[in-house]
Amino acid sequence: MDAKKLGKKIKIARIELDLNQTDLADKIKAKQKSISRYETGLSIPSIETLVKIAKALKKSTSYFLEE
């Protein structure tokens, strides 16, 4: 999985819902810094966290995993 591609998809989905990083972090009970690291590709969320992100952003988990 390409961390940068995943991060870009998270960012685009977040912006589509007019959320900032802090809003998304609050929804999934995470830190804003974690969201920033996911979006920039510096780290990859665990599957559990990715499921939470997908639900919060109203997307399927597979949306984030497909190339």
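K8 is exposed, with a relative accessible area of 58%, where exposed means over 50% relative accessible area, buried under 20% and partly exposed in between, calculated with a 1.4 Å probe and protein chains only. This residue belongs to helix α1; helices are DSSP runs of H or I with at least four residues, numbered from the N terminus. Although K8 and E39 are 31 residues apart along the chain, their C-alpha atoms are separated by 5.8 Å.

The model is a predicted one, in which local features need pLDDT of at least 70 and side-chain atom pairs count only at pLDDT 80 or more, while totals for chains, interfaces and linings use all residues. Residues are numbered from 1 along each chain as its sequence is written, and side-chain values use heavy atoms, with hydrogens and water left out.

Helix α1 has 14 residues, which at 1.5 Å a residue should span 20 Å, the expected span being 1.5 Å times one less than the number of residues. The end C-alpha atoms of α1 are 20 Å apart, in agreement with that expectation. Within this helix, A3, L6, G7, K9, I10, A13 and R14 are buried. They cover an arc of only 160° around the axis and therefore lie on the same side of α1; the arc is taken from the directions that run from the helix axis to the C-beta atoms. An α-helix has 3.6 residues a turn, so residues three or four places apart point the same way. On the other side of α1, K4, K8 and E16 are exposed. The cover over the buried residues of α1 includes α2 (21-27), α3, α4 and α5.

Two salt bridges are present in the structure, each defined as a side-chain nitrogen of Lys or Arg within 4 Å of a carboxyl oxygen of Asp or Glu. Side chains of opposite charge can pair when their charged atoms come close. E39 is buried at a relative accessible area of 9%, and R14 is buried at 7%.

Another salt bridge is formed by K59 and E16, with the closest N and O atoms 3.3 Å apart. This pair links distant parts of the chain, since K59 is in the loop between α4 (47-56) and α5, whereas E16 is in helix α1, 43 residues apart. K59 is partly exposed, with a relative accessible area of 27%, while E16 is exposed at 52%.

In helix α4 lies T49, which counts as buried at 17% relative accessibility. Apart from neighbours within four places in sequence, T49 is in contact with I28 and Y38, contact meaning heavy atoms within 4.5 Å.

At the surface, M1, I44 and L65 form a nonpolar patch with about 270 Å² of accessible area together. Patches are made of residues with over 30% relative accessible area and no salt bridge, with like charges joined within 9 Å and nonpolar side chains (Val, Leu, Ile, Met, Phe, Trp, Tyr) within 5 Å. L65 is located in helix α5 (residues 61-65) and is partly exposed, with a relative accessible area of 35%.

Technical notes: Areas by Shrake-Rupley, 256 points an atom, 1.4 Å probe, with all protein chains shown as cover. Helix = DSSP H or I, 4+ residues; strand = E, 2+ residues; numbered from the N terminus.
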